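Visitor: I have a structure open and want to learn to read its features. Please take me through them one by one.

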Amino acid sequence: MSFNNIETSVDQGEPIELYKFTYGDQPDQVYGYTDGEQPVVFNTIEYRPIPIQRGPISISGTLDKAALTVKLPGSSEIPEMFRVYSPSTVINLEIYQGHANDPDKQFLLCWSGRVLNCRWVKREASLTCEPITTSLKRPGLRRNYQYGCPHVLYDPTSCRASKAAATVEATVQAIDGTLVSLSVAGNEDYEGGIVEWRQPNGRREIRTVVRVISGAYLLSGSPIGLMGGMKVNLSKGCDHSLAGCAKHDNILNFGGFPWIPLKNPMSNSSPFK
């Protein structure tokens with residue numbers, strides 16, 4: 001019996017929803033939940049039954065109130081990703097609707113978006129999610145008339161600097177809060193750079209190097225899952241200046257305007273008067 005036949009029947013339906021959370025682009029980091037009473041396997045993913053519910057989906061035609069609230073136990077995997085530090089990458093959410101007694105296991109996508117933040121109320125966590133359509137509200141790219149380069153470092157469509165050429169493998173030697181000592185001593189070239197590693201559960205973590213202190217790296221947040229002896233990838237940073245771009249041998253893609261005149265021709269100190 002197909003979804004339509006059960007959905008239009010008088011008393012045959014057993015409606016349930018499937019919630020698929022995906023951590024970034026890692027196919028092995030998928031978490032499936034269902035509000036049904038029994039586990040459901042759909043598209044090779046097992047959805048575990050937990051107390052989970054969502055708010056109403058807005059179809060008003062505007063994006064002002066398009067946020068969706070999903071409530072689930074605070075001890076589940078998704079809220080735990082927000083407990084200490086924000087996730088290193090986007091957590092995508094897909095919600096499917098179907099019926100538990102459908103022999104064809106036909107579930108239809110009814111909502112798609114991403115998780116923005118999480119808050120706890122006693123033992124319950126409340127996720128605030130935005131639909132994929134909210135990207136339509138964002139303005140287009142703008143280029144400012146400025147000295148510094150506006151490109152995101154290592155972005156393949158704008159910066160185009162080679163991340164592989166600027167990355168080395170290092171071993172963790174010591175951890176003191178957010179200050180990490182590695183086998184590769186740091187210098188000013190690594191300020192604004194990136195440290196990447198994988199937790200024991202396979203989840204990828206990324207932190208920015210805020211400052212280099214006596215060869216150690218001050219990270220932008222708590223190094224979750226990082227332990228002594230682990231291997232990390234260390235990438236150089238960039239101060240978005242012409243000299244910083246030259247260090248990456250990427251001067252042709254520099255996005256700033258370093259030759260903006262420093263003197264105002266209309267002022268009294270102008271050399272044109």
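Guide: Start with disulfides. A disulfide is a pair of cysteine sulfur atoms within 2.5 Å. By this rule the count is zero disulfides. A word on the source: this is a predicted model, where local features need pLDDT of at least 70, side-chain atom pairs count only at pLDDT 80 or more, and totals for chains, interfaces and linings use all residues. Residues are numbered from 1 along each chain as its sequence is written, and side-chain values use heavy atoms, with hydrogens and water left out.

Visitor: Is Cys159 buried or exposed?

Guide: Buried means under 20% relative accessible area, exposed over 50%, and partly exposed in between (1.4 Å probe, protein chains only). Cys159 is buried, at 8%. Cys118 is buried as well, at 14%.

Visitor: Now the sheet. In what order do the strands run?

Guide: Strands of a sheet pair through backbone hydrogen bonds, either parallel or antiparallel. Strands here are DSSP runs (E, at least two residues), numbered from the N terminus. Two strands pair if DSSP finds at least two bridges between them. In this model, nine strands form an open sheet of mixed pairing, in the order β3-β4-β2-β1-β7-β8-β9-β6-β5. β3 (40-42) and β5 (53-54) stand at the edges; each has a single partner strand, so one side of each is left without a neighbour in the sheet.

Visitor: Which strands pair in the parallel sense, and which in the antiparallel sense?

Guide: Take one example of each. β2 (residues 30-34) and β4 (residues 45-49) pair in the parallel sense over two bridges. There, Thr34 stands opposite Pro49 in β4. β6 (residues 68-73) and β9 (residues 124-131) pair in the antiparallel sense over six bridges. Val70 stands opposite Leu127 in β9.

Visitor: How many bridges join β3 to β4?

Guide: Three, and the two strands run antiparallel. Phe42 stands opposite Ile45 in β4. The hairpin of β3 and β4 has two residues between the strands, and Asn43 takes a positive phi near 55 degrees.

Visitor: Last, a single residue. What is Thr22 in contact with?

Guide: Contact means heavy atoms within 4.5 Å. Leaving aside neighbours within four places in sequence, Thr22 is in contact with Gln29, Val30, Val90, Ile91 and Asn92. Thr22 lies in strand β1 (residues 15-23). Thr22 is buried, with a relative accessible area of 17%.

Conventions:
Helix = DSSP H or I, 4+ residues; strand = E, 2+ residues; numbered from the N terminus.
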